[in-house]
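Trainee: I would like to go through this structure step by step. Please start with the terms.

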Amino acid sequence: MTTNRAYAVELKDVNIYYGEKLAVKDVNLSIAHQKITAFIGPSGCGKSTVLRSINRMNDLIPGAKVEGDVVYRSQSLYGRDIDAVEVRRRIGMVFQKPNPFPKSIYDNVAYGPRLLGIRDRKVLNEIVERSLKHSFLWDEVKGDLKKSGLALSGGQQQRLCIARTIAVEPDVILMDEPCSALDPIATQAIEDLMKELVKQYTIVIVTHNMQQAQRVSDYTAFYSIRKEVETEGKEKRWGVLVEYAPTETLFNQPSHEETERYIRGEFG
Amino acid sequence: MNGLMDDAAFSRALKSRHRRGNIWQRFFRLSTIVALLALIALFLNIANSAFGYALQDYDIAPTELVEGGDIASLDNARLVAMLAEHQPRRLAVYVRDTLSMVDASVFTTLPLSRVLEGRSYPEALASATIPEVTADDLQTILRDNLTHDQLVSIIEEQVIGINVLRTWSLTDSLTNRAQIEAIAAENPRANLIFRSWLDLNFLSSPMSGNAAVAGIRTAILGSVWVIVITVAFAFPIGVGAAIYLEEYATDTPLNNLIETNIRNLAGVPSIIYGLLGLAIFVRALETITAGRTVLSAGLTMGLLILPVIIINSQEAIRAVPSSIREASFGLGATRWQTIWNQVLPAAMPGILTGTILALSRAIGETAPLIVIGASTFILSDPSSPLSRFTALPIQIYQWTARPQPEFRAAAAGAIIVLLILLLTMNASAIFLRQRYRRKLTA
């Protein structure tokens, strides 16, 4: 269990397919424990696909297939006796567009614990309060927990989604462009929240915003696209991991020319 | 115009573009007006038949039978005695029509223990046949088995004998008053009354061979029983199939074939479902359904609307945003937890709306009921899934087919009831949809 405590999740030779189509090739990546790791890269480079392979959300897409190994706590997540439901409870996810359930704030946060079978009102109350406090939402909503989650502002909704995720006490939180639908002030609030959460959780964030990656992350992985002309007019495209380094190193002394061009804004 | 077209040409073209637009707009408005006129004509036509003057007389006026003329205030014993006094030879006929458990052809030859199996009759007569039973005993049997309502309606029909001599439509009643009164004056024994064929008595009376006292209680109860069984059968199976097809089934050729077929089944004419119901529920499963019963009809109607419910439910389930499913899965929900806690509640308004609309189709369906053999004349209310029955559309069909014009007025009254029922169901579907939509967005 403790063999590789420095790393929360390790991806080994991961290839991901959608049906016959190769989406991501040969990803090798070790995600540091209780750090923020950012995935950046141009559209279509497969960074979200890799993120979703970490908690097996790709299983929900018909035809999606993962080769290689994703190791979490020395266990292969794609092993035969591993239940995807358990994986997702330990590795939570926050999505691009805030997606609270059409229920009250309270029920949104209590949803995860209730799935696990927790019914005791007192325990649920505690979990809800703690999770909302952790996500800096408590002071704004504590008087009105019965209000619909959909009645909150976009930024509040996203923090509610984070509260909902940490209510089941995962180890790792995956965030798929969590701020892309938010205004700068709400984005700021989420970034502050991430810096606080990382004291307890490992965070992996996919972002289109390179400044955001620089501001919040400890490590950055840069993905890019490889192409191959198959036959006349038909092109094969897949994503690869180009470079993975501490954020400061990657942005200041990238070791690949492609990385440098991308962070200078020359493509993508 | 940057050389694309000069200004004069542009304004000429613009005029013709507007003109073409206006023609279409007028056509669309005309279509709406035609549809509206058709609807108004329908309502007026029905109202025209359902209300108006009627010329009625009695064989024996109620006031001659009992002081004040209120038959319903008498008890069963007095009613039976009255029946025996005025129609002494027909007592056995009433037993046959209302109480017999056997076919009419063997009614006079089988012993009472068979003829009145399960009814109450004097012990001593168990082995006697009907012709051997005395008039007094027949009275006892009628008194002990019939309800007060049944007796009252037999008296009204057989003793009082209200006869509708003539009816007039609403338009005639309003415009030809003088002529109508002149005709009425030729029949001094008859009374001219302005009659609404749709009234409380009409709703609460059983069927009758006499239009003046006929009602639709039996038909309403029959329709309600059929619909209840239809829902109980089609809703869980339909929603279940929709959940399976949307949430579990993968994109295999077999599943695609199943889906296509369900879509086609929704378009199969209802009479075909009637034939299917006749073959399966009435004939093959007769031991379970007891033949031409409420149960057979409900199951047949269930089959009829099953594809519609499946399709509507599938659409409602598909309309649930995938972000909600992902959020649920992302928190470690199993597939079933996601369906039960998120997908179904979000899809429920759509599912309910679709189901109610399908039911309002079923409640007006006539063809399958005719095919599986709903009774066209039945006096007893359905009391269990294994009862014989009639239904509103059957009743309407049967009445409009009769030669006597007064039955068409009664049919118009029944049509109004059916339409009100349909409008209520459709309105509740709209109400449900609006309410849930508010809930989901606020």
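Mentor: Domain bounds come from an automatic or database domain assignment. This is a predicted model, in which local features need pLDDT of at least 70, side-chain atom pairs count only at pLDDT 80 or more, and totals for chains, interfaces and linings use all residues. Residues are numbered from 1 along each chain as its sequence is written, and side-chain values use heavy atoms, without hydrogens and water.

Trainee: Between which domains of chain B does the largest pocket lie?

Mentor: A pocket here is an open set of points on a 1 Å grid over the protein atoms alone, where a 1.4 Å probe fits, with protein on both sides within 12 Å along at least five of seven lines; lining residues have an atom within 4 Å of a point. Two domains of chain B both give residues to this lining, so the largest pocket lies between domain 1 (61-161) and domain 2 (217-441).

Trainee: Which residues lie nearest the centre of the largest pocket?

Mentor: The lining has 24 residues. Those nearest the centre are B:Asp97, B:Thr98, B:Ser100, B:Arg119 and B:Ser380.

Trainee: How far apart are the C-alpha centres of domain 1 and domain 2 of chain B?

Mentor: Chain B is divided into these two domains. Their C-alpha centres lie apart by 40 Å.

Trainee: Which residues form the salt bridge between chain B and chain A?

Mentor: A salt bridge is a side-chain nitrogen of Lys or Arg within 4 Å of a carboxyl oxygen of Asp or Glu. The count between the two chains is 1. With closest N and O atoms 2.9 Å apart, the partners are A:Arg52 and B:Glu326.

Technical notes:
Chains lettered and ligands numbered in written order.
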